[in-house]
Amino acid sequence: MSQTNRRIVLALRPEGPPKPANFRLEEAPMPEVPNDHVLLEAIYLSLDPYMRGRMSDAKSYADPIAIGDVMVGATVSRIKQSRNRDWKEGDIVVAYSGWQTHAISDGSDLRRIDPHAAPISTGLGVLGMTGFSAYAGLRNIGRPKPGETVVVAAASGAVGSVVGQLARIDGARAIGIAGGAEKCAFVKNELGFDAAIDHRDPNFARQLAEACPDGIDVYFENVGGAVWDGVMPLLNNFARVPLCGMISHYNDEALGPPSSDRLPSSMKVIQQKSITVRGFMNVEFIEQQPTFLDEAAGWIADGRLKYREDIVDGLEHAPTAFIGLLEGRNFGKLIVRV
Ligand SMILES: NC(=O)c1ccc[n+]([C@@H]2O[C@H](COP(=O)([O-])OP(=O)(O)OC[C@H]3O[C@@H](n4cnc5c(N)ncnc54)[C@H](OP(=O)(O)O)[C@@H]3O)[C@@H](O)[C@H]2O)c1
């Protein structure tokens, strides 16, 4: 048994895009296991865009990570030692144990996963928080009807890939937006979207308009910025916009110059077209998670829900992989094999 806990801590708050110097790899003594607690050994670590917000000390829905604290994040872990009667050694769980090899839990924050049902890494992606976020936003807010057009950006990624496939399951047309030809080919040919448009192409806005001849009924917002500029003129009356995230702004230091302020033009379209924009956090729909997990397992089994994971080897590579996530370098759900 390894005698040390390897962990990555926040060394310095980033200004703009994070850099390797914002993180520090440390070794710490293996934690003792108190009564009623378990020792977790991480197998997979999830890397997610929200972590960028937690690195800043700006006011947000969750407290910032303190300098010197372990980076937060979900893992798929094995219970290495148990002093809690509800958990036994060898159980595989989803835990919120952060960027480290080992952690202590009292068990209250663990979700057991069945290692025989699906590859355990899916507990962080398609059968985890990101898959559920897609389901929660689309089913509760987007509510596409058969024949309607659903557009989603970051379409090859963890959330977007599920949004489009779910839209197809619900009988809608799914148009994906992704960065580059390879991701677009995957979205259309492998995931079965009706079309995929490259947001880096200089003719992005025209191509999106051509792919949406009847306008857009549901836009599942993951990125904001220039993609929103292309989507906004195509939104139909009474369109619904589940606002899931805005990754293109996560490295912004401050609001841009007035010319980049999209608020007035966005508000005008929202008002004149009676559009519903509804922000959400997946946890507000958490009571729907068991239903989602059942349904999603069925869709995976019958081939209607496909997923792609981008697995990086070694905890020490988590910072570089995370920096790449904010630049679109990941291709699929980004996971570190710890
Ligand atoms: N509300 C919630 O509860 C909740 C839960 C989970 C995730 N989210 C949000 O959902 C969004 C997607 O997250 P994810 O986990 O599925 O990540 P992901 O799609 O697996 O990875 C991020 C992708 O975002 C795209 N991207 C990065 N920078 C961009 C930019 N400047 N402009 C356009 N696209 C950019 C890149 O794809 P391309 O190369 O294709 O551009 C990148 O691969 C994020 O905004 C995240 O914060 C929200």
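This is a predicted model: local features need pLDDT of at least 70, side-chain atom pairs count only at pLDDT 80 or more; totals for chains, interfaces and linings use all residues.
**Salt bridges, domains and a helix pair**

One to look at joins Arg6 and Glu316, whose closest N and O atoms are 3.4 Å apart. Arg6 lies in strand 1 (residues 4-10) and Glu316 in the loop between strand 14 (309-313) and helix 9 (318-325), so the pair ties together parts that are 310 residues apart in sequence. Helices (H or I, at least four residues) and strands (E, at least two) are DSSP runs, numbered from the N terminus.

Now step back to the domains. The protein is divided into domain 1 (4-125 + 307-337) and domain 2 (129-283), with bounds that come from an automatic or database domain assignment. Their C-alpha centres lie 28 Å apart. The contact, meaning heavy atoms within 4.5 Å, takes 22 residues from domain 1 and 14 residues from domain 2. About 1,400 Å² is buried between the two domains, 59% of it given by carbon and sulfur atoms; buried area is the accessible area (1.4 Å probe) that two parts lose on being put together, summed over both. Across this interface the rule finds zero salt bridges.

Finally, follow a helix contact. In helix 2, Gly131, Phe132, Tyr135 and Arg139 meet Gln289, Thr291, Phe292, Glu295 and Trp299 of helix 8.

Residues are numbered from 1 along each chain as its sequence is written. Local features need pLDDT of at least 70, side-chain atom pairs count only at pLDDT 80 or more, totals for chains, interfaces and linings use all residues, and side-chain values use heavy atoms, leaving out hydrogens and water.

Key
A salt bridge is a side-chain nitrogen of Lys or Arg within 4 Å of a carboxyl oxygen of Asp or Glu.
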